[in-house]
Amino acid sequence: MDYFLTEEQQMIREIAAKIATEKVRPVRAELDESEEFPWEIMKILAQSDLFGVYLPEEYGGLGGGVLENCLAIEEMARACIAVATTFSASGLGAYPILLFGSEEQKQKYLPVIASGEKLAAFGVTEANAGSDAGGIQTTAKRDGDHYVLNGTKQWITNAGEAEIYTVVAVTDRTKGARGASAFVVEKGDPGFSFGKKEKKMGLRASATRELLFNDCRIPADRLISREGRGFIVTMKTFDVSRPGIGALAVGLCQGALDIAVEYARKRVQFGKPIIAFQAVQHMLADMATETEASRALVYAAARYIDSGAKDISKISAISKLYPTDVAMRVTTNAVQVLGGYGYMRDYPVEKMMRDAKILQIYEGTNQIQRNIIGQELNKEYGRIKETFF
Amino acid sequence: MHVVVCIKQVPDAKNVRIDPETCTLVREGVESIVNPHDWYAVEAALRFRDEYGGKVTALTMGPPQAEEALREIVALGVDEAVLLSDRAFAGADTWATSLTLARAVEKLGPVDLVICGKQAIDGDTAQVGPGLAAHLDQPYTTYARRLELQDGGQLRAERVTDFGYEVVQMSLPAVVTVVREIGDPRMPGLKHKMRARKLEIPVLGAADLNLDPEEVGLQGSFTQVVRVFSPPPRCDREMISGEVEEQVEKLIQLLKEAKVSGL
């Protein structure tokens with residue numbers, strides 16, 4: 001398929017694909033087994049300028065947008081979504097600063113994120129606040145020129161490895177969702193530490209830890225936007241980051257499809273390669289169809305967001321929901337096509353199936369995406385005066 | 001430091017056939033790649049520059065499309081590139097090639113260090129690096145796995161041998177050929193790749209290098225490819241069996257019969 005990418009976008013894809021094939025694919029099983037953080041690969045991605053593809057040139061980026069970010073993520077995800085998630089989570093941490101940060105905050109943080117010198121992370125989730133961000137219990141109290149943070153964030157991607165954290169904490173308990181605010185916290189800030197590293201089903205090379213705030217004092221100018229804007233910052237960040245999760249899913253699907261088709265062409269049973277059997281053929285056909293539909297959806301959503309459109313919540317949720325549900329099906333069927341081999345840890349599709357599950361959960365479960373889409377539909381049609389009957 | 005890295009565009013060895021009539025490579029339909037050993041030369045040159053400052057210029061001799069090979073390595077961060085292309089250069093052996101490259105290095109000068117891959121996968125001669133040093137009248141070493149600039153400005157090189165490595169030291173300017181142990185070639189960078197797309201690559205011919213057409217290409221070559229063939233098996237082979245001691249005795253006996261000196 002030709003998606004009419006610009007020369008620059010094609011270059012992003014070529015470089016990301018080269019790194020994925022030559023540097024990620026050979027080590028993905030080992031990284032999964034050892035749960036080792038992929039620093040070496042992150043350094044290669046930094047050297048290749050990929051961390052800045054979606055950031056403006058004045059902050060050291062390449063001036064691209066969501067689509068450029070998605071292209072890089074997709075190619076990496078084709079080899080390993082644990083590595084690709086580590087990369088994309090830095091973008092997730094950067095978006096609140098890019099979208100809502102002051103000029104000083106952007107100057108201070110974005111260039112080092114764009115160069116890949118430092119990784120970023122985003123901290124919203126807590127033990128009692130996942131889908132319901134209103135349940136956030138971490139507090140930030142103003143104390144002269146400082147804020148003092150207390151509480152614990154949970155399951156934070158890149159925690160411990162990143163240097164720059166954007167964190168949502170409650171500044172005014174009485175105001176509910178309007179009482180949350182977003183802050184930048186730096187690794188090394190007093191009172192800021194990390195909890196234990198989680199043991200996960202998949203995505204094992206990605207670091208997932210707690211952020212512990214124990215009277216953590218940060219300068220008041222670390223507040224992103226204004227007090228009470230934390231919820232808006234979070235929602236708008238997810239609006240632009242969700243196509244990236246769709247891109248992770250598309251890459252993962254393609255990686256699984258690549259292996260499934262190659263295997264089906266080689267595996268001989270009853271005297272024929274199994275791809276000659278319609279039962280297998282149709283599975284592969286469905287996998288290819290859903291993968292391509294997901295890709296077209298992610299690119300279209302990314303382009304729409306990059307056009308500067310404002311009403312992006314619904315399409316953003318759609319571009320996360322559909323490809324990630326597809327990824328679960330496609331990876332499950334890749335295991336099925338490979339049969340017993342597929343179930344063995346010696347072959348990569350087993351890891352792909354384990355990895356796929358997280359895509360339906362993180363950055364808003366797919367149930368939450370359906371909520372967003374449903375609510376947007378309700379709003380959208382509420383504004384229309386005509387009838388379609 | 002001005003480092004020049006010499007590269008060669010070669011046919012992808014995975015898909016090469018030899019024409020039995022002409023004994024030459026059939027190039028039609030075969031993809032061209034940067035000689036795999038040259039990626040290590042590029043990496044060595046970039047590391048040397050990153051460590052000691054200066055710039056890296058890539059140099060290649062070949063048909064006009066060899067420009068693509070240069071752009072490919074500029075995407076890794078090489079600063080400048082020069083293509084030596086002239087109909088008169090065609091059919092050059094290692095003598096004529098190294099002479100042409102040497103004149104180009106002199107024209108680019110002053111150059112502190114020339115780095116080449118250990119050999120090209122098409123000719124496999126490993127002669128162009130040393131030949132270049134001879135034409136430039138400069139010291140050289142081959143198969144380097146490590147390059148380091150000493151405080152006095154001398155170049156220290158570790159040279160891989162069959163039995164370990166040798167340490168050699170020489171003054172600059174010099175020529176070295178490197179092996180894969182020098183370090184994995186880096187990945188291309190987006191900014192470098194964008195620059196590579198637009199970079200102006202000068203093309204120099206024989207006249208630009210003050211070379212007489214008689215000195216270059218086929219005319220300037222001392223060697224000629226008469227025939228290309230797969231070598232026949234070298235000799236009859238005999239497998240010795242039995243216990244280790246028996247095998248040793250049998251081997252010694254056979255060597256004595258063959259009148260191998262020292263036995």
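Student: What makes A:Arg222 and A:Glu186 a salt bridge?

Tutor: Their side chains meet at 3.5 Å, N to O. A salt bridge is a side-chain nitrogen of Lys or Arg within 4 Å of a carboxyl oxygen of Asp or Glu. So the pair qualifies, since 3.5 Å lies within 4 Å. The partners come from distant parts of the chain, 36 residues apart. A:Arg222 is in the loop between β7 (208–219) and β8 (223–224) of chain A, and A:Glu186 is in strand β5 (residues 180–186) of chain A. Both residues are buried.

Student: Where do these values come from?

Tutor: The model is predicted: local features need pLDDT of at least 70, side-chain atom pairs count only at pLDDT 80 or more, and totals for chains, interfaces and linings use all residues. Side-chain values use heavy atoms, without hydrogens and water, while residues are numbered from 1 along each chain as its sequence is written, with chains lettered from A and ligands numbered from 1 in the order in which they are written.

Student: How do you know what counts as a helix or a strand?

Tutor: Both are DSSP runs, numbered from the N terminus: helices are H or I with at least four residues, strands are E with at least two.

Student: Why is A:Glu75 called buried?

Tutor: Its relative accessible area is 7%. Buried means under 20%, exposed over 50%, and partly exposed in between (1.4 Å probe, protein chains only). So 7% puts A:Glu75 in the buried class. A:Arg13 has 26%, so it is partly exposed.

Student: What do the side chains of A:Arg13 and A:Glu75 form?

Tutor: They meet in a salt bridge at 3.6 Å, N to O. A:Arg13 lies in helix α1 (residues 7–24) of chain A and A:Glu75 in helix α4 of chain A, so the pair ties together parts that are 62 residues apart in sequence.

Student: How many salt bridges does the structure hold over all chains?

Tutor: The total is 41. Among them is the pair A:Glu14 and B:Lys193, with the closest N and O atoms 3.0 Å apart. That pair crosses between chains, from helix α1 of chain A to helix α5 (residues 190–198) of chain B. A:Glu14 is partly exposed, at 43%.

Student: Which residues of chain B are linked in a network of salt bridges?

Tutor: The network links B:Glu43, B:Arg47, B:Arg49, B:Asp50, B:Asp79 and B:Arg186.

Student: How do you know how many disulfides there are?

Tutor: A disulfide is a pair of cysteine sulfur atoms within 2.5 Å. By that rule the count over all chains is 0. Take A:Cys253: the closest cysteine sulfur, in A:Cys70, is 14 Å away, so it is too far for a bond. A:Cys253 is also buried, at 0% relative accessibility. A:Cys216 is buried at 0% too.

Student: What order do the strands of the chain B sheet take?

Tutor: The 9 strands run β11-β10-β9-β12-β8-β1-β6-β7-β13 in an open sheet with mixed pairing. β11 (164–170) and β13 (203–204) stand at the edges, each with a single partner strand, so one side of each has no neighbour in the sheet.

Student: What makes β9 and β12 of chain B a pair?

Tutor: Two strands pair if DSSP finds at least two bridges between them. Here 3 bridges join β9 (residues 140–149) to β12 (residues 174–178), and the two run parallel. The bridge partner of B:Ala144 is B:Val178, in β12.

Student: Which strands does helix α4 of chain B touch?

Tutor: Helix α4 (residues 128–136) packs on the sheet and touches β1, β8, β9 and β12 of chain B. Contact means heavy atoms within 4.5 Å. The helix direction makes about 180° with that of β12. Axes are lines fitted to C-alpha atoms, for helices over the stretch in contact, and angles run from 0 to 180 degrees between N-to-C directions.

Student: Where is B:Pro173?

Tutor: B:Pro173 is in the loop between β11 and β12 of chain B. The peptide bond from B:Leu172 to B:Pro173 is cis, with omega near 0°.
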